[in-house]
Amino acid sequence: MKVTLTVFTPTYNRVDLLPRGYEALLRQTSHDFCWIIIDDGSKDNTYGIAKEYQGRFPEKILLFQNEQNMGLNHTLNRCLQVA
């Protein structure tokens with residue numbers, strides 16, 4: 001998929017922040033983006049919320065989940081690999 005902007009979101013227990021990120025992306029003037037979200041083994045419903053957004057825009061959102069918390073560096077590197 002060729003896009004103008006790729007947004008990486010490594011996330012861990014941030015169920016409260018994902019909706020704000022999603023709304024911010026939708027407010028942009030360019031809708032030519034790909035949002036890569038990797039849940040880093042959250043213990044709350046972060047992955048579930050991200051899954052809902054992916055269901056709304058499956059062509060825009062790539063969603064992955066680490067089986068356990070691997071830390072920010074590992075998860076950012078995984079974002080790069082996916083991109």
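**View 1. Surroundings of Ile37 in the predicted model.** Leaving out residues up to four places away in sequence, Ile37 touches Thr9, Thr11, Ala50, Ile61, Leu62, Leu63 and Phe64; contact means heavy atoms within 4.5 Å. This is a predicted model in which local features need pLDDT of at least 70 and side-chain atom pairs count only at pLDDT 80 or more, while totals for chains, interfaces and linings use all residues. Residues are numbered from 1 along each chain as its sequence is written, and side-chain values use heavy atoms, with hydrogens and water left out.

**View 2. The buried residues of α2.** Thr46, Ile49, Ala50, Tyr53 and Gln54 are the buried residues of α2 (buried: under 20% relative accessible area; exposed: over 50%; partly exposed: in between; 1.4 Å probe, protein chains only). They lie on the same side of α2 because they cover an arc of only 145° around the axis, taken from the directions from the helix axis to the C-beta atoms. Their cover includes β1 (5-11), α1, β2 and β3; helices (H or I, at least four residues) and strands (E, at least two) are DSSP runs, numbered from the N terminus.

View 3. Tyr22 in helix α1 and Trp35 in strand β2 are 13 residues apart. Tyr22 is buried, at 5% relative accessible area, and Trp35 is buried, at 3%. Tyr22 also forms a tilted pair with Phe57, 6.0 Å centre to centre and 45° between the planes (ring centres of Phe, Tyr and Trp, its six-membered ring, within 6.5 Å; stacked under 30 degrees, edge-to-face over 60, the rest tilted). Phe57 is partly exposed, at 28%.
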